[in-house]
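Good morning, and thank you for coming.

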Amino acid sequence: MFLSHLLSIIGIVVVVATLPLLIEILVLSLAGLLPTREVWDQDSESGLAPLTVLVPAHNEEALIGRCIRSVLDSGSSGVDVLVVAHNCTDATAERAEAAGAHVLVMNDPAQTGKGCALRYGFAAALAGTSQGVLVIDADSVIDLGLIGTVRRRLLAGTRALQCRYEVSSFQDSWRTKLTTFAFHAFNTVRPRGRARLGLSAGIFGNGFALHRDVLTHVPYNADSIVEDLEYHLALVRANIGVGFIDTAVVHGEMPATLKGAKTQRARWEGGRLSVMKQWAPKLLVDVLKGRVRLMEPLLDLMALPISLEVTVLLVAACLPVAWLRLYVLGAFAVLLLHLTVAAVSGPGLWETVKVLSNAPGYVLWKLWIFPEIWRTSRANAAWVRTERESASDNQ
């Protein structure tokens, strides 16, 4: 009898832990299949307000020039490229200036997070005539039409935007392929579903734009390791939604080494865990007070990483509890639906099958780095640069 009660309690814990992600990906995957209702003028350049492209950079001398050139190649007038060289010990500032950007050098050992560099850059942009700020990471390149699309959306009244953010990978490793696929599912499939439902798409730290009114009303005071997630939660609590641009892409780099990937993944997931502990109670109180639209950000915040979700479900399937096994079967059906939607809109079904054949190794790797994730969830927001796939800017 005691064992039966214990197994039932374990089953309830499994459901509570895994259900947020399952609800999130089921609803958003299906919603992403709905047709878009938005049609934007892709040609008109009239009436577009000044825009600052803000590039926060920490020791990015190898790639900063390539990033700036991709912005300048858009050919848009009224666009200022502003680089914040934050605590750099290399030639980032010189390379950025040579490529055609305005450069602000910020050297302050007491301010170590990316959020500090963004706050410094936002203040400089707002001191000028810019009506909006587009943030692009220094290791990224953008589609030619991205800036024009952002400016037209801001002109049309959208006050916060997130462009589609995909991986630009030059290394053909199983880890990179899985990361690329996971990025597509997280950064494209889910925000696409949110956009179809009229929900806030989210902010992913790269390729997001804010109108000056937003920055004035909700100052960028996020200081955590995942400052983008933290700021998005501040926006939705202030009733400001983020639109999604699905037709223009910013391409970012991934770590080149296993050590770099471990550091980056631990920082991302550890940072999310830290923000969850801080923000989930606030969102739950808001939902209980009747702010139903905050249920989706709460579910997203409470959701386990898919690799950990799969591990928990596999362990649960081994327990001799009939109803729990049925739940696990349904959970895997939801995960399969999500992966299928991501595959169809991304690399394709066959390529996805080949990529996912390495998933067991990836899950074991994620379990191996979990102690580092836990330590990172209690760390400060120091900006640590990881090695990227592309080692040179070819300047």
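This is a predicted model: local features need pLDDT of at least 70, side-chain atom pairs count only at pLDDT 80 or more; totals for chains, interfaces and linings use all residues.

In which helix is V14 found? V14 is found in helix α1. Here helices (H or I, at least four residues) and strands (E, at least two) are DSSP runs, numbered from the N terminus.

Residues are numbered from 1 along each chain as its sequence is written, and side-chain values use heavy atoms, with hydrogens and water left out.

Let us return to V14. V14 counts as buried because its relative accessibility is 9%. The term buried means under 20% relative accessible area, exposed means over 50%, and partly exposed lies in between (1.4 Å probe, protein chains only). In sequence, V14 and V312 are 298 residues apart, yet from C-alpha to C-alpha they are 7.2 Å apart in space. If we leave aside neighbours within four places in sequence, V14 is in contact with V312, A316 and L324. Contact means heavy atoms within 4.5 Å.

Helix α1, residues 2-31, also takes part in a surface feature: it gives the largest share, five residues, of a nonpolar patch. The patch is made by L19, I23, L26, V27, L30, L33, L34 and L197, and its area is about 630 Å². Patches are made of residues with over 30% relative accessible area and no salt bridge; like charges are joined within 9 Å, and nonpolar side chains (Val, Leu, Ile, Met, Phe, Trp, Tyr) within 5 Å. Accessible areas come from the Shrake-Rupley method with a 1.4 Å probe, and for residues only the protein chains shown count as cover. L197 counts as partly exposed because its relative accessibility is 39%.

Next, the salt bridges. A salt bridge is a side-chain nitrogen of Lys or Arg within 4 Å of a carboxyl oxygen of Asp or Glu. By this rule the count comes to 11 salt bridges. One of them joins D246 and R192, with the closest N and O atoms 2.6 Å apart. This pair links distant parts of the chain, since D246 is in strand β8 (residues 243-252) and R192 in helix α6, 54 residues apart. Both D246 and R192 are buried.

E296 is buried, with a relative accessible area of 12%, and R194 is buried at 4%. Salt bridges that share partners join E24, R194, R272, E296 and D300 into one network.

How many of the eight residues of helix α10 are buried? Six of the eight residues of helix α10 (residues 295-302) are buried, so this helix is largely enclosed by the rest of the structure. The buried residues in α10 are E296, P297, L298, L299, D300 and L301. Helix α5, residues 146-155, is mostly covered as well, with nine of its 10 residues buried. Just after α5, G157 takes a positive phi of about 120 degrees.

I turn now to the strands. In a regular strand the side chains alternate between the two faces of the sheet. In strand β7, residues 208-211, F208 and L210 point one way and A209 and H211 the other way, and all are buried. Strand β4 (residues 132-135) pairs with β7 in the antiparallel sense over four bridges; two strands pair if DSSP finds at least two bridges between them. The bridge partner of L134 in β7 is A209. Strand β6, residues 160-167, also runs antiparallel to β7, and three bridges join them. Within that pairing, Q162 stands opposite F208.

Finally, consider E227, which is in helix α8, residues 227-237. E227 is buried yet has no salt bridge, and the nearest side chain of opposite charge, K114, is 4.2 Å away. For charge, Lys and Arg count as positive and Asp and Glu as negative, while His and the chain ends are not counted. Thank you for your attention.
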